[in-house]
Amino acid sequence: MMKTFFAKLMAAAAPFVLALSLTAAPHAANAQATPEPAPAVAPATTAPAADPSAGSVAAPAPTVPAAVPAATAAATTKVDNPYGIGALWAQSDLVAKAVLAILAIMSMGSWYVIVTKLLEQMRMGRQAKEVDNEFWNERTVQAGTEKLAEGSPFRFIADAGVHATKKHDGLRGKVDFADFVDLCIHRATERVQRRLSNGMSLLATVGSTAPFVGLFGTVWGIYHALTAIGIAGQASIDKVAGPVGESLIMTAIGLAVAVPAVLGYNWLLRRNITVMDDVREFSGELHSVILAGSAAA
């Protein structure tokens, strides 16, 4: 009875053994043909064996072509820079990230001031030309003031001069009329100058402190890099270059923030002087016109 059982078992397993031998044959041929390590090959699939009683076996499926060589795939793979700003942000601690955030805020603030003050100066230059073309051609100061645009510093000064002629009474009437008008026009001119100088202190602050903020980030980063190297016990160049180089990026960022702020401050300061010359010239002429009109009246 045992012999009969083993005979049936061998008869049932014979088709599977034949299928495995036929499937393994192509792989063995490929292994002998190529001495180099064979690239990854997709596993071959075989059709399910037929009924053992039928005595037929399904033919094995053809093998999948070899994949692209590993060297070609590695050449086309994009490798991220392990020493860039992205790696610095990803590997830095809370203090280093705070330093980077402060430098970013300083840079955005300085560029905002540079752009807005430049546009303001250009607008005041156009308004100065409007004063020459419209204000001085009117018969009275009041009529000329109404010709100027709303929000113009020249209109603000002209309104101050006109109001000075109307407020010269009471205790103010004890002051000489010419001195009182000059005081009101001078006060309005100083307010225009202060408004024009708004934001310049921010540029000066960024230009003087940004390098030191970046230097603090560098010192902090080098401290942590040397601490990590000391704990690891490895001081090879590949272990030192990365952390120290990333820390030095902080100094470069600080200088990149400070240099535009300093250049913008000096440039805008020179342009402010030119614009204020036009404003003071208008103030002096307005004072003379008001006094002449009062004397004629």
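This note goes through a helix, the nonpolar cores, the aromatic pairs and the salt bridges of a predicted model.

1. Basis. The model is predicted, so local features need pLDDT of at least 70 and side-chain atom pairs count only at pLDDT 80 or more, while totals for chains, interfaces and linings use all residues. Residues are numbered from 1 along each chain as its sequence is written, and side-chain values use heavy atoms, with hydrogens and water left out.

2. Helix 7. Helices are DSSP runs (H or I, at least four residues), numbered from the N terminus. Helix 7 covers residues 177-196, 20 residues in all. From first C-alpha to last it reaches 29 Å, close to the expected 28 Å; the expected span is 1.5 Å times one less than the number of residues.

3. Buried positions of helix 7. Buried means under 20% relative accessible area, exposed over 50%, and partly exposed in between (1.4 Å probe, protein chains only). The buried residues of this helix are F177, F180, V181, C184, I185, A188, T189, V192 and L196.

4. Largest nonpolar core. A nonpolar core is a set of buried Ala, Val, Leu, Ile, Met, Phe, Trp, Tyr and Cys residues joined through side-chain atoms within 4.5 Å. The largest one has 26 residues, and the members that touch the most others are F135, F154, I157, V279, F282, L286 and I290. Two or more residues each come from helix 4 (94-134), helix 6 (153-166), helix 7 and helix 9 (237-296). Helix 7 gives the largest share, eight residues.

5. I290 and the second core. Leaving aside residues up to four places away in sequence, I290 touches V141, G161, V162, T165, F177, V181 and I185 (contact means heavy atoms within 4.5 Å). A second, separate core holds 17 residues, among them A96, L103, V213 and L268.

6. Aromatic pairs. Rings of Phe, Tyr and Trp (its six-membered ring) pair if their centres lie within 6.5 Å; planes under 30 degrees apart count as stacked, over 60 as edge-to-face and the rest as tilted. The whole structure has six such pairs. F135 and W136 are edge-to-face, at 4.8 Å centre to centre and 85° between the planes. F135 is buried because its relative accessibility is 4%, whereas W136, at 28%, is partly exposed.

7. A pair between helices. F154 and F282 are also edge-to-face, with 5.4 Å between centres and 85° between the planes. F154 lies in helix 6 and F282 in helix 9, so this pair ties together parts 128 residues apart in sequence. Both count as buried, F154 at 2% and F282 at 3%. Ring pairs link F135, W136, F154 and F282 into a cluster.

8. Salt bridges. A salt bridge is a side-chain nitrogen of Lys or Arg within 4 Å of a carboxyl oxygen of Asp or Glu. The count is three. E120 and K117 form one, with the closest N and O atoms 2.8 Å apart. These two are three residues apart in helix 4, so about one helical turn separates them. E120 is buried at 12%, and K117 is buried at 5%.

9. Salt-bridge network. E150, R155 and D159 are linked in a network. R155 meets E150 at 3.2 Å and D159 at 4.0 Å. R155 counts as buried at 16%, E150 as exposed at 65% and D159 as partly exposed at 26%.
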